[in-house]
Amino acid sequence: LFSDKEMRRLNMPTLIIGGKEDALFSVEKVVARMQKLVPLLEPVLLADTGHALINLSGQIIPFLTATA
């Protein structure tokens with residue numbers, strides 16, 4: 001979705017949450033690419049979770065409050 005050039009411009013803390021059982025995207029490949037390009041990346045890979053991500057406020061709110 002984003003070029004490497006665009007991803008390199010992300011110089012702020014960046015949270016990516018993905019399900020390890022995602023049938024649409026390999027979250028491991030996405031995270032590996034982003035780790036090379038986004039210096040302040042915080043990946044969260046959820047076991048037994050697919051593409052639909054729900055009830056994640058427990059992961060998102062602490063990230064937002066820590067980086068505010």
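Predicted model: local features only at pLDDT ≥ 70, side-chain atom pairs only at ≥ 80, totals over all residues.
Visitor: Asn55 to start. Buried or exposed?

Guide: Asn55 counts as exposed, because its relative accessibility is 73%. The cut-offs: buried is under 20% relative accessible area, exposed is over 50%, and partly exposed is in between, with a 1.4 Å probe and protein chains only.

Visitor: What about the phi of Asn55?

Guide: Near 55 degrees, a positive value in a residue other than glycine. Asp48 also has phi near 55 degrees. Asp48 lies in the loop between β2 and α3. Asp48 is exposed because its relative accessible area is 73%.

Visitor: How far is Asn55 from Arg8?

Guide: 29 Å in space, C-alpha to C-alpha. In sequence, Asn55 and Arg8 are 47 residues apart.

Visitor: Switching to Asp22. Which loop holds it?

Guide: The loop between β1 (14-19) and α2 (27-37).

Visitor: What is the nearest side chain of opposite charge to Asp22?

Guide: Lys29, and it is 13 Å away. Asp22 is buried yet has no salt bridge. A salt bridge needs a side-chain nitrogen of Lys or Arg within 4 Å of a carboxyl oxygen of Asp or Glu. For charge, Lys and Arg count as positive, Asp and Glu as negative, and His and the chain ends are not counted.

Visitor: Then which backbone nitrogens lie by the Asp22 side chain?

Guide: The backbone nitrogen of Leu24 is 2.7 Å from a polar atom of that side chain. For the backbone nitrogen of Phe25, the distance is 3.1 Å.

Visitor: New topic: Thr14. Buried or exposed?

Guide: Thr14 is buried, because its relative accessible area is 13%. Thr14 lies in strand β1. The Thr14 side chain reaches the backbone oxygen of Met12 at 2.9 Å.

Visitor: What is Thr14 in contact with?

Guide: Leaving aside neighbours within four places in sequence, the list includes Met34, Val38 and Phe63. Leu41 is on that list too, and in β2 Leu41 stands opposite Thr14.

Visitor: How do β1 and β2 pair?

Guide: In the parallel sense, over six bridges, with β2 covering residues 41-46. Two strands pair if DSSP finds at least two bridges between them. β1, α2 and β2 make a right-handed β-α-β unit. Right-handed means that, with the strands pointing away from the viewer, the path from the first strand over the helix to the second runs clockwise.

Visitor: Zooming out, what is the order of elements?

Guide: From the N terminus, α-β-α-β-α. That comes to three helices and two strands. The C-alpha trace spans about 30 × 30 × 15 Å along its principal axes.

Visitor: And how much of the chain is buried?

Guide: 26% of the 68 residues. Of the contacts with a separation of 6 or more, 73% are between residues 24 or more positions apart.

Technical notes. Residues numbered from 1 in each chain as written. Heavy atoms only, no water. Helix = DSSP H or I, 4+ residues; strand = E, 2+ residues; numbered from the N terminus. Polar contact = N/O pair within 3.5 Å; in protein donor to acceptor, adjacent residues only side chain to side chain. Contact = heavy atoms within 4.5 Å.
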